[in-house]
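Please consult the sequence and the structure alongside the text.

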Amino acid sequence: MSKIHAAITAVNGYVPEYVLTNKELESIVDTTDEWITSRTGIKERRILKGEGLGTSDMAVHAVNGLLKKRGITAEEIELIIFCTTTPDLPFPASANILADKIGAKNAWGYDLQAACSGFIYGVSTGAQFIESGKHKKVLVVGGDKMSSIINYQDRTTCIIFGDGCGAVLLEPNEEGLGVMDSILRSDGSGRQFLHQKAGGSARPASHETVDNNEHAVYQEGQAVFKFAVTNMADVAAEIMERNHLTSEDVTWLVPHQANKRIIDATASRMGVGSEKVMINIQRYGNTTNGTIPLCLWEWESQLKKGDNIILAAFGGGFTWGSVYLKWAY
Ligand code: UT7
């Protein structure tokens, strides 16, 4: 019997309607469209407005659209891996909340926290359940409502992040298509450069933590940039070498959208021209777990069966990694 691979058989995405432009940010913090564009490549990002709406509400839109495209019901889903850094609540898991909201009555699920590398970790983890034969329909969701943990007085972070969510369905494939390889890495000593100071068990919420804005993203941008630019490029190059792929063999690079300069460095290290790189950072900014599935969603109509696709990400933790997959439809 031929080996079972986990193939992406459907993809969908959702971004909220509200567009926060660089122009509007100029009226909120001391910044300029020119600075943001030249340092990051971002022109605008989406913000989820509405009392009581969380990351799972964006996921409902993304997943309902995905189920419709694939022509299956929510009850057929067996496992939901919800990759997010901004779950609706500390507990229960957003995977459980999403399952309830979409009617995935037969699914179990869990949240996966690996900051900006979450979706890559999720695809790789989800693939194991398919390859082992345990499950036939695994939903991997990547999404974040970053606006819920951003201090809109901090010009170094509020210009970067946005809200959005994407989802893919993994199913067994016996034609040699799907997830071929993955390399996942982490280095917890990097946490000092990118984290949220309070709201966890070590420093629960208090008047003091709220007054000090400790529930927002804290980032030392330059330090993170240095690690991101080398590690994301290295791991993408490594997965190519390990699978004997030349730059001509690679059809698409799907990079995490944190900074256009990091994306360009990764593509250049792989020897891949800009025409093969999915970039939508100018419209959505950094949606953390949402960036890679949102790219796949937007480029879906251009993808062909057998395309060699490299996913690459770097994020808080530090976490980073790369997935090599062959597109299956
Ligand atoms: O996705 C998770 C992983 N995260 C990342 O990969 C992010 C990696 N880091 C970055 O993308 C970049 O470091 C940033 C975009 C965050 C910052 O860009 P940078 O080129 O590293 O700028 P910097 O932090 O070195 O700051 C340069 C200057 C500073 O002023 P001085 O000290 O030179 O006078 C900042 O205060 O730019 C200033 N600055 C700003 N100026 C206008 C910082 N933010 C802004 C701003 N508008 N929004």
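On the side of domain 1 that touches domain 2, the elements giving two or more residues are strand 1 (5-14), helix 2 (33-40), strand 3 (44-47), helix 5 (118-131), strand 6 (138-145) and strand 7 (163-173). Helices (H or I, at least four residues) and strands (E, at least two) are DSSP runs, numbered from the N terminus.

The model is predicted: local features need pLDDT of at least 70 and side-chain atom pairs count only at pLDDT 80 or more, whereas totals for chains, interfaces and linings use all residues. Residues are numbered from 1 along each chain as its sequence is written, and side-chain values use heavy atoms, with hydrogens and water left out.

## Domain arrangement

The chain is divided into domain 1 (5-175) and domain 2 (180-326), with bounds that come from an automatic or database domain assignment. Taken over C-alpha atoms, the centres of domain 1 and domain 2 are 14 Å apart. The contact (heavy atoms within 4.5 Å) takes 50 residues from domain 1 and 45 residues from domain 2.

Domain 1 and domain 2 bury about 3600 Å² between them, and 61% of this area is on carbon and sulfur atoms. Buried area is the accessible area (1.4 Å probe) that two parts lose on being put together, summed over both. C116, I120 and Y121 supply 18% of the area that domain 1 buries against domain 2, more than any other three residues.

## Nonpolar cores

The largest nonpolar core has 42 residues, and V217, L253, M270, V277, I310 and F314 are those with the most contacts inside it. Such a core is a set of buried Ala, Val, Leu, Ile, Met, Phe, Trp, Tyr and Cys residues joined through side-chain atoms within 4.5 Å. Buried means under 20% relative accessible area, exposed over 50%, and partly exposed in between (1.4 Å probe, protein chains only). Helix 7 (221-242), helix 8 (260-270), strand 12 (308-315) and strand 13 (319-326) each supply at least two residues of this core; helix 7 gives the most, with eight residues. Because domain 1 and domain 2 both give residues to this core, it lies between them.

Leaving aside residues up to four places away in sequence, V217 touches M146, I149, I150, D154, T157, F161, L194 and H195. A second, separate core of 35 residues includes V11, V123, F129 and A313.

## Salt bridges

The model has 16 salt bridges, each defined as a side-chain nitrogen of Lys or Arg within 4 Å of a carboxyl oxygen of Asp or Glu. Two salt bridges are found across the interface of domain 1 and domain 2. In the salt bridge of K305 with E175, the closest N and O atoms are 3.2 Å apart.

D57 and K101 form a salt bridge at 3.0 Å, N to O. D57 lies in helix 3 (residues 55-70) and K101 in helix 4, so the pair ties together parts that are 44 residues apart in sequence. D57, D88 and K101 are linked in a network of salt bridges. R269 pairs with D234, with the closest N and O atoms 2.2 Å apart; R269 is in helix 8 and D234 in helix 7, so this pair joins parts 35 residues apart in sequence. R269 is partly exposed at 44% relative accessible area, and D234 is partly exposed at 33%.

## Backbone features and a buried loop residue

Cis peptide bonds join F91 to P92, with omega about 0°, and G317 to F318, with omega about -10°. P92 lies in the loop between strand 4 (79-83) and helix 4 (94-102), while F318 lies in the loop between strand 12 and strand 13. A115 is not a glycine, yet has a positive phi of about 50°; A115 is buried at 14% relative accessibility. H244, also not a glycine, has a positive phi of about 55° and is exposed at 71%.

T288 lies in the loop between helix 9 (281-284) and helix 10 and is buried at 3% relative accessibility. Not counting residues up to four places away in sequence, T288 touches T85, A115, C116, D144, M146, F161 and H256. In helix 10 (residues 291-299), seven of the nine residues are buried.
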